[in-house]
Amino acid sequence: MNKQVFRFISPDNIELYNIKRGKLIFKDRIKSKDCAKIKTDKVILTASHYVSASMLAESVKFVPEKGQFLFSDQSILRIEDLIHIPAIYDEVHNTWKQFWASSHLLLDIKTLIPSAKYFYPECLALTEHDTNKDNLSDAKFLNDAISFQPIKSRDKNKLFLFTLIAGIFLAIAPWISHWFDYNSKERLVFENKVLLIQYFEQLAVSSELSGLKKLTFNKSLKSIEIITHDLLNEIQKSEVEKFCKELSCKIKFDNNQININFQKRLSSE
Amino acid sequence: MFDSIEIDRESKFSQLPASQSDAELYFSNYFDYAASVSKFDQRIITLEFSALTNTDALYLLDKCQQLDTFRLHSVSVIPSSSEKMFDIFITYASS
């Protein structure tokens with residue numbers, strides 16, 4: 001289900017893409033009647049299906065909460081029909097940006113594409129998009145981009161479903177605590193973000209490292225091991241030492257091998 | 001090597017694929033790229049990806065950090081024997 005994505009232009013013009021190594025590959029142009037056959041929960045919305053606006057961070061003077069809509073004076077949608085995503089801070093322009101859409105419109109699209117759950121504003125979900133092409137082929141799709149997720153259901157049997165689920169829940173209640181214990185033991189989640197990569201990028205620029213033979217980011221030891229083809233010259237060594245001093249990390253030189261340990265700095269990683 | 005790999009010898013993978021071929025299938029599917037498993041036991045899995053372009057190498061570096069089922073132990077990047085290509089070694093460890 002996760003390897004395809006629709007791009008909704010109009011009910012009679014929907015593009016289907018495969019996602020290959022994070023990039024979109026154009027597959028087909030279809031009509032809405034054919035959408036039900038394809039199971040994907042992701043839909044990219046073209047710009048005419050959502051609205052965005054931004055305002056200077058100074059004029060907000062507070063950090064907006066997730067559920068807060070900042071542009072009620074600019075939206076012509078009725079508040080009960082409005083769906084928005086949390087405001088996004090743009091560090092470069094020092095602004096808060098927010099996207100919103102008609103909940104009714106998204107549910108209409110969902111009727112055409114029943115498996116759809118996540119509706120991505122096109123300008124948030126794509127990078128490296130060649131605007132000269134008539135489709136999005138080769139654009140990078142950001143799977144973790146923020147999306148609209150209309151939660152309202154038009155199901156007339158909602159109350160019945162709720163009662164049914166509540167009944168099942170009560171029936172299995174005696175086993176829930178056991179099931180929860182079992183699952184919490186089985187499913188461990190690891191935070192695998194490697195901050196060392198960002199540090200190395202800074203170091204490579206400042207000390208003009210070149211001729212790399214092997215580069216290892218060791219997250220367990222919080223260290224970077226760099227092996228170069230040639231010995232570092234005195235200027236490069238001095239730059240590496242300066243970098244390490246600024247970041248409070250330990251450094252070891254051994255011929256053409258450098259080991260930088262960030263244990264102290266990344267003790268909370 | 002300056003330091004040895006520090007892995008808890010008692011701890012085992014909580015969701016380890018059943019065999020090396022299962023692991024290759026699992027990781028190839030996750031990374032969308034042919035993965036070769038060079039080390040596989042109860043505590044450590046090392047994956048090899050060969051002859052990657054710069055773009056593909058960056059993609060894999062990003063993708064390996066997003067997987068939260070296993071603990072990322074280390075990532076190594078080595079220039080490949082082919083010009084302007086890279087080999088990447090990703091090691092996941094038990095907790």
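What share of the contacts in chain B with a separation of 6 or more comes from residues 24 or more positions apart? In this predicted model, the figure for such residues is 48%.

**View 1. Chain B by itself, a chain of two helices and four strands.** Starting at the N terminus, you can follow the elements of chain B in the order α-β-β-α-β-β. Among the 95 residues of chain B, 26% count as buried.

**View 2. Where chain B meets chain A, with 25 residues of chain B in contact with 22 residues of chain A.** On the chain B side, two elements give two or more residues each: α2 (54–66) and β3 (71–79). Look to β3(B) for the largest share of this side, nine residues. Sorted by class, the side of chain B that touches chain A has 13 nonpolar residues, along with six polar and six charged ones.

**View 3. A strand from each chain, with β12 of chain A pairing with β3(B).** Here β12, residues 212–218 of chain A, runs antiparallel to β3(B), and the two pair over four bridges. To find your bearings, pick out N218(A), which stands opposite S74(B) in β3(B).

**View 4. A hairpin in chain A, formed by β2(A) and β3(A).** Strand β2 (residues 13–20) and strand β3 (residues 23–30) of chain A run antiparallel and are joined by seven bridges. Across this pair, E15(A) stands opposite R29(A) in β3(A).

Notes
Residues numbered from 1 in each chain as written. Chains lettered and ligands numbered in written order. Predicted model: local features only at pLDDT ≥ 70, side-chain atom pairs only at ≥ 80, totals over all residues. Contact = placed C-beta atoms within 7 Å. Nonpolar A, V, L, I, M, F, W, Y, C, P; charged D, E, K, R; others polar. Pairing = 2+ DSSP bridges. Buried ≥ 20, exposed ≤ 12 C-beta atoms within 10 Å, placed from the backbone.
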